[in-house]
Amino acid sequence: MIQCEGLVKIYKTDELEVVALQGLNLSVREGEMMAIIGNSGSGKSTLLNILGGLDRPSAGAVHVGKWDLLKITDDQLVEYKRDTVGFIWQNNARNLLPYLTALENVEMPMILSSRLDRAYAKQLLEWVGLKERMNNKLHQLSGGEQQRVAMAISLANRPKMLLADEPTGSVDSRTSDLIMDIFRKLNKEIGITIVIVTHDLSLAGKVDRVVAIRDGLTSTEFIKRNPNLDGGGDIDGGHTTAVGNVHEEYVVVDRVGRLQIPKNYLNALQITDKASMEFDGERIIITQPKSLEG
């Protein structure tokens, strides 16, 4: 569903140039539900904006389904955003119109694309647990209920992929669990690809795969040993300390052989700008560099 190779994004002003993505590689299978994590400034939001068609890549390759997002025209981009991708924001105000009912909010993107289907709009609200609240206006709904309306809106035009930007960032832990349960249900029942971008480390145990981004590059992946298990845990600085004891950690190696070694490993060995590397026939061993003197 998603294939990024050497993806670069550079933001330029008259006096400043910021490289947000430095050759990022990412592959997401159709029908997969996965999470992307990273500290502030890691590049995860930039990646989400590119995948959502809200920003243009500077270089590299990025394909979503049949679309080449590096070469897509403005007219094609409108079609892509309307038909291929659904977006859920942390800030409900970006999804919802306060003077409409929940049902009318879900119907709005259908009306704008001339595809009104009231029965399907009602079904979406039932799927997110709002069957009895669909005729309520937003001020009559809690924050968690408003976020579930936003989930229904994101599916209104039957997209192939759902992007969620911090979807549980503004709700309590109980509502967060409920929202993640809905994501899993949608993923299993309609097979939609779901990519969640978050700094909520507890979400790591609730998806099958987690990709950590650091300094504009994919650094580490965490894959569930048994996808039927759900757990929780903490990921610190892009490195897992415990993810419910159900995830296996992998360091990502790109096409030219680069990898990012977790910072806590480097700190433990007092490795800064150079390291010694040996191959013993079975393993690659990285150690503190030997003295360069003499």
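Colleague: What share of the contacts in the chain with a separation of 6 or more comes from residues 24 or more positions apart?

Modeller: Such residues account for 62% of those contacts, where contact means heavy atoms within 4.5 Å. The model is predicted, so local features need pLDDT of at least 70 and side-chain atom pairs count only at pLDDT 80 or more, while totals for chains, interfaces and linings use all residues. Residues are numbered from 1 along each chain as its sequence is written, and side-chain values use heavy atoms, with hydrogens and water left out.

Colleague: What makes up the secondary structure of the chain?

Modeller: The chain comes to 7 helices and 15 strands. These are DSSP runs numbered from the N terminus (helices: H or I, at least four residues; strands: E, at least two).

Colleague: Why are α3 and α5 called roughly parallel to each other?

Modeller: Helix α3 (residues 102-112) and helix α5 (residues 143-154) pack at an angle of about 30°, and their axes are 8 Å apart. Axes are lines fitted to C-alpha atoms, for helices over the stretch in contact, and angles run from 0 to 180 degrees between N-to-C directions. Angles under 35 degrees count as roughly parallel, over 145 as roughly antiparallel, 65 to 115 as roughly perpendicular and the rest as oblique. The two helices are therefore roughly parallel.

Colleague: Which residues of α3 and α5 meet, and how do they divide by class?

Modeller: From α3, Ala 102, Asn 105, Val 106 and Pro 109 meet Val 149, Ala 152 and Ile 153 in α5. This contact of α3 with α5 divides into 6 nonpolar, 1 polar and no charged residues. In this scheme Ala, Val, Leu, Ile, Met, Phe, Trp, Tyr, Cys and Pro are nonpolar, Asp, Glu, Lys and Arg are charged, and the others, Gly among them, are polar.

Colleague: What makes α3 oblique to α4?

Modeller: The axes of α3 and helix α4 (residues 118-127) come within 9 Å and cross at roughly 125°. That angle makes α3 oblique to α4. The contact joins Ala 102, Leu 103, Val 106, Glu 107 and Met 110 of α3 to Arg 118, Tyr 120, Ala 121, Lys 122, Leu 124 and Leu 125 of α4. By class, this contact of α3 with α4 has 8 nonpolar, no polar and 3 charged residues.

Colleague: How do you know that Leu 116 is exposed rather than buried?

Modeller: Leu 116 has a relative accessible area of 53%, and so counts as exposed. Its place is in the loop between α3 and α4. Not counting residues up to four places away in sequence, Leu 116 touches Glu 107, Met 110 and Ile 111. Leu 116 and Asn 157 are 41 residues apart in sequence, and their C-alpha atoms are 9.3 Å apart in space.

Colleague: Why is Lys 137 called partly exposed, and which residues does Lys 137 contact?

Modeller: The relative accessible area of Lys 137 is 36%, so this residue is partly exposed. Lys 137 is found in the loop between α4 and α5. Leaving aside neighbours within four places in sequence, Lys 137 is in contact with Pro 98, Tyr 99, Leu 100 and Thr 101. The C-alpha atoms of Lys 137 and Asn 105 are separated by 9.3 Å, and these residues are 32 apart along the chain.

Colleague: What makes Leu 97 partly exposed, and where does Leu 97 lie?

Modeller: With a relative accessible area of 29%, Leu 97 is partly exposed. Leu 97 lies in the loop between β6 (85-88) and α3. Beyond residues up to four places away in sequence, Leu 97 touches Asn 105, Met 108 and Leu 138. From Leu 97 to Met 108 the C-alpha distance is 9.2 Å, at 11 residues apart in sequence.

Colleague: Why does Glu 166 count as buried, and what is the phi of Glu 166?

Modeller: Glu 166 has 10% relative accessibility and so counts as buried. Glu 166 lies in the loop between β7 (161-165) and α6 (173-190), and its phi is near 50°, a positive value in a residue other than glycine. Most residues other than glycine have a negative phi.

Colleague: How do you know that Asp 215 counts as partly exposed?

Modeller: Asp 215 has 46% relative accessibility, and therefore counts as partly exposed. Asp 215 is found in the loop between β9 (209-214) and β10 (217-224). The phi of Asp 215 is near 55°, a positive value in a residue other than glycine.

Conventions:
Buried means under 20% relative accessible area, exposed over 50%, partly exposed in between (1.4 Å probe, protein chains only).
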